[in-house]
Amino acid sequence: MQSLRERVERGESLSFSSVSPAAQPFFAVLLAQLFPARPVVVVTESLRTQEIFQQDIETWVAVSCQGGAAPLSRPLFFPAWEVLAHEPRLPHVDVVSERLETLVGLSNRSATEPAPMVVAGVTALLQKTFQAGEIARRTRSLQRGASLDPLDLVEWLEKEGYEPEAQVTQKGDISMRGGILDLWPLTSPWPVRLEFVGNELESLRYFDPLT
């Protein structure tokens, strides 16, 4: 391991073809522990391999934290669009969500947090995406007690691609009834309910869309 650390620090190009496929996720986590300030990008040849690597890396990250090692960030999953440019359909909302969650995670990382680990397919890395500044420009943060017109917020959400529905059922949906605005952010596992009194955001909380 000491030899490996020194070779990487010298900027050498390394080949790990002798590492068996089953051990490669463990090896990626080991590299992240050896170089906590440097991002680790794992590139796979297919979606199936990418999903296996993601699950195995998450397991090894959890094991390393239990063993008292320096904490590592949860690996980010960056899939390909899975649709061709000429096809008259949009990518699945989960694909949009995972790609956006990765981009937001990379752009919002603070200097005190561990460097990110990204598991990406080679096709995903070849496809164009937002620049960091564009992500920031399209992001809004809300907090309880803030003053804003809920109708203006709905208009902004629709402009950014959110779909108005009678009831929120999937990511990217919004639904407004009186002073209550339900929305499911693309980077959130749960929808959020915003309650307004006039133009004051009185409360915001996650809710279960099924119950």
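Contact here means heavy atoms within 4.5 Å. With that in hand, here's a quick tour of this predicted model.

- Gln50 sits in helix H3, which covers residues 47-66.
- With a relative accessible area of 2%, Gln50 is buried, because buried means under 20%.
- Leaving aside residues up to four places away in sequence, Gln50 touches Thr44, Phe77, Phe78, Pro79, Val119, Ala120 and Gly121.
- A polar atom of the Gln50 side chain lies 2.9 Å from the backbone oxygen of Phe78.

**The nonpolar patch**
- Val41, Val43, Val122, Leu125 and Leu126 make a nonpolar surface patch of about 470 Å².
- Strand S1 (40-44) and helix H5 (122-126) are the elements that give two or more residues to the patch.
- H5 gives the most, with three residues.
- Val122, part of helix H5, is partly exposed at 40% relative accessibility.

**Salt bridges**
- The count comes to nine salt bridges.
- Asp182 pairs with Arg177, their closest N and O atoms being 3.2 Å apart; Asp182 is buried at 4% relative accessibility, whereas Arg177 is partly exposed at 39%.
- Glu195 and Arg205 meet in a salt bridge at 2.7 Å, N to O.
- That pair links distant parts of the chain, with Glu195 in strand S7 (residues 192-197) and Arg205 in strand S8 (residues 200-206), 10 residues apart.

Conventions: Residues are numbered from 1 along each chain as its sequence is written. This is a predicted model: local features need pLDDT of at least 70, side-chain atom pairs count only at pLDDT 80 or more; totals for chains, interfaces and linings use all residues. Side-chain values use heavy atoms; hydrogens and water are left out. Patches are made of residues with over 30% relative accessible area and no salt bridge: like charges are joined within 9 Å, nonpolar side chains (Val, Leu, Ile, Met, Phe, Trp, Tyr) within 5 Å. Accessible areas come from the Shrake-Rupley method with a 1.4 Å probe; for residues, only the protein chains shown count as cover. A salt bridge is a side-chain nitrogen of Lys or Arg within 4 Å of a carboxyl oxygen of Asp or Glu. Helices (H or I, at least four residues) and strands (E, at least two) are DSSP runs, numbered from the N terminus. Buried means under 20% relative accessible area, exposed over 50%, partly exposed in between (1.4 Å probe, protein chains only). A polar contact is a pair of N or O atoms within 3.5 Å; within protein, one must be able to donate a hydrogen and the other to accept it, and residues adjacent in sequence count only if both atoms are side-chain atoms.
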